[in-house]
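Please find below a colleague's note on the structure, arranged as numbered points. Each point may be read with the displayed model at hand.

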Amino acid sequence: MKSRLILVVEDEASLRELIANILLLDDHDVDTARDGVEALYRIEQRTYDLIISDLQMPNLDGRGLHDALRTRYGQALPRVIFVTAHGEADEYVPFLAETGDPVLTKPISVDDLRTLVQWVLET
């Protein structure tokens, strides 16, 4: 698989680093951001093949990030995978159904992460 540029947006440092390290082991180029505000700054600087974003974060959450991306890119919205904890998932069900973006549930499985990233990048 060809190396791709991926942005990992996660406020929990240990999970952000874990996801980034797994992607680096799979030969992807990876940037990270602590929240949606930092992610938008990074997106101004570079074009990403994929954004992996937590849903619940301070400052600007995953839904706010997605809305900002939709406003900016319209139909050319970058591909997104959302990450959420079991308990948070219910409050985001309508939003996730609307976006149609895939979701990884915490605690994430390394195999599920790799499989989903590969699938999203190939479709």
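1. Does Asn59 count as buried or exposed? The model under review is a predicted one. Asn59 counts as exposed, since residues over 50% fall in that class and its relative accessibility is 65%. Asn59 is found in the loop between β3 and α3. Although Asn59 is not a glycine, its phi is positive, at about 70°.

2. A second residue with a positive phi deserves attention. Most residues other than glycine have a negative phi, and most peptide bonds are trans. Asp27, a residue other than glycine, has a phi near 70°. The loop between α1 (13-25) and β2 contains Asp27, and this residue is exposed, with a relative accessible area of 55%.

3. The next point concerns a peptide bond. From Lys106 to Pro107 the bond is cis, and its omega is near -5°. Pro107 has its place in the loop between β5 and α5 (110-122).

4. The sheet may be described next. Strands of a sheet pair through backbone hydrogen bonds, either parallel or antiparallel. In this model, five strands form an open sheet with parallel pairing, in the order β2-β1-β3-β4-β5. Its edge strands, β2 and β5 (103-106), each pair on one side only. On average, and with direction ignored, neighbouring strands of this sheet are turned by 20° against each other.

5. Strands β3 and β4 run parallel and are joined by five bridges. Ser53 has Phe82, in β4, as its bridge partner.

6. Phe82 also takes part in an aromatic pair. A pair of aromatic rings is described by the distance of the centres and the angle of the planes. The structure holds one such pair. The ring centres of Phe82 and Phe95 are 5.5 Å apart and the planes stand at 65°, so the pair is edge-to-face. The two residues are 13 residues apart and link distant parts of the chain, with Phe82 in strand β4 (residues 79-85) and Phe95 in helix α4 (residues 86-99). Both Phe82 and Phe95 are buried.

7. Which residues of helix α2 are buried? In this helix (residues 36-45), they are Gly36, Glu38, Ala39 and Ile43. These residues are on the same side of α2 because they cover an arc of only 155° around the axis. Tyr41, Glu44 and Gln45 are exposed residues on the face of α2 turned away from its buried side. An α-helix has 3.6 residues a turn, so residues three or four places apart point the same way.

8. The surroundings of α2 complete its description. Its buried residues pack against β1 (5-9), β2 (29-33), β3 (50-54) and α3 (62-73). Helix α2 lies across β1, β2 and β3, and runs at about 140° to β2. At the N-terminal end, α2 is capped by Asp35, which has a side-chain oxygen 3.0 Å from the backbone nitrogen of Val37.

9. The last point concerns Asp49, in the loop between α2 and β3. With 26% relative accessibility, Asp49 counts as partly exposed. When residues up to four places away in sequence are not counted, Asp49 touches Arg4, Leu5, Arg79 and Leu121. Asp49 and Thr99 are 50 residues apart in sequence, and their C-alpha atoms are 17 Å apart in space.

Definitions and conventions:
Residues numbered from 1 in each chain as written. Predicted model: local features only at pLDDT ≥ 70, side-chain atom pairs only at ≥ 80, totals over all residues. Heavy atoms only, no water. Buried < 20%, exposed > 50% of the residue type's maximum accessible area, 1.4 Å probe, protein only. Helix = DSSP H or I, 4+ residues; strand = E, 2+ residues; numbered from the N terminus. Arc of directions from axis to C-beta. Contact = heavy atoms within 4.5 Å. Polar contact = N/O pair within 3.5 Å; in protein donor to acceptor, adjacent residues only side chain to side chain. Phe/Tyr/Trp six-rings, centres within 6.5 Å; stacked < 30°, edge-to-face > 60°. Pairing = 2+ DSSP bridges. Axes fitted to C-alpha atoms, helices over the stretch in contact; angles between N-to-C directions.
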